[in-house]
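Please have the sequence and the coordinates open while reading.

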Amino acid sequence: MSEDLDAWGDELRERLRAALITDIRGLTDGIADDDVLGVGAYTDADASNVVAAVQTRSHYESLVERRPQYRNYFRWSIGEWDRLSFEELESDALAEINDELAAKVGALAGEALDELRATVWDAIVDALAEVAAHGHLDRFPEAVRVFEPVDADVSEDEIRAWTARINDEARVAAYDAWIADPSS
């Protein structure tokens with residue numbers, strides 16, 4: 001990876017951290033802290049769009065009521081969550097970042113695109129880890145923390161490593177239990 005890409009990734013991480021704090025706050029305003037069951041972010045497969053996401057207890061319970069056998073799947077699968085920054089927030093703090101990412105991704109292919117995607121994904125996970133480490137997620141005692149590049153070809157080992165970076169040991173143990181029985 002080039003020094004330019006490394007430097008850009010560091011700068012991106014800082015902007016993502018601030019934007020994620022803002023969007024998570026916006027997505028959780030008016031929701032009781034213990035009614036937030038998931039907090040995180042996802043991207044599309046090419047990493048051109050970052051979305052902050054929150055899972056509320058009422059939404060989760062409605063999913064589980066319809067399909068109780070997928071209790072853990074609904075908990076950890078960010079694509080099933082109900083509050084998304086681009087849908088819920090009048091002013092999405094990630095919008096400017098996403099415009100930049102779309103332009104960068106659109107100009108790349110092959111190995112250069114793979115390196116950019118890896119840089120973006122690492123920046124997001126680093127940003128979420130910093131948000132958690134600085135206590136911004138402590139107010140949500142029931143919330144798992146998730147990052148996922150939706151529909152991307154990423155190994156389960158890498159996703160698990162990201163999950164371990166943004167969750168405490170108890171949440172990682174719950175994640176590992178789900179992965180051991182993914183149809184739960």
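This is a predicted model: local features need pLDDT of at least 70, side-chain atom pairs count only at pLDDT 80 or more; totals for chains, interfaces and linings use all residues.

Leaving aside the neighbours within four places in sequence, S48 is in contact with N98, L101, A102 and V105.

- The relative accessibility of S48 is 13%, and because buried means under 20%, the residue counts as buried.
- Within the local sequence, the side chain of S48 makes a polar contact of 2.8 Å with the side chain of D44, and another polar contact, of 2.7 Å, joins the side chain of S48 to that of D46.
- The hairpin formed by β1 and β2 has six residues between the strands, and among them A47 takes a positive phi near 65 degrees.

**Layout of the sheet**

- The sheet is open and has four strands, which follow the order β3-β2-β1-β4 with mixed pairing.
- The edges are taken by β3 (83-84) and β4 (144-149), each of which has a single partner strand, so that one side of each is left without a neighbour in the sheet.
- Helix α1 (residues 3-28) packs on this sheet, where the helix touches β1, β2 and β3, and the direction of α1 makes about 35 degrees with that of β2.

**β1 and its two partners**

- β1 is mostly covered, given that eight of its eight residues are buried.
- On the pairing with β2, the two strands run antiparallel and are joined by seven bridges; one of the residues involved is A41 of β1, whose bridge partner in β2 is A52.
- On the pairing with β4, β1 and β4 run parallel and are joined by six bridges; among the partners found in β4, V146 is the bridge partner of G40, while R145 is the bridge partner of V39.
- As a general point for reading such positions, the side chains in a regular strand alternate between the two faces of the sheet.

Technical notes:
Residues are numbered from 1 along each chain as its sequence is written. Side-chain values use heavy atoms; hydrogens and water are left out. Buried means under 20% relative accessible area, exposed over 50%, partly exposed in between (1.4 Å probe, protein chains only). A polar contact is a pair of N or O atoms within 3.5 Å; within protein, one must be able to donate a hydrogen and the other to accept it, and residues adjacent in sequence count only if both atoms are side-chain atoms. Contact means heavy atoms within 4.5 Å. Two strands pair if DSSP finds at least two bridges between them. Axes are lines fitted to C-alpha atoms, for helices over the stretch in contact, and angles run from 0 to 180 degrees between N-to-C directions.
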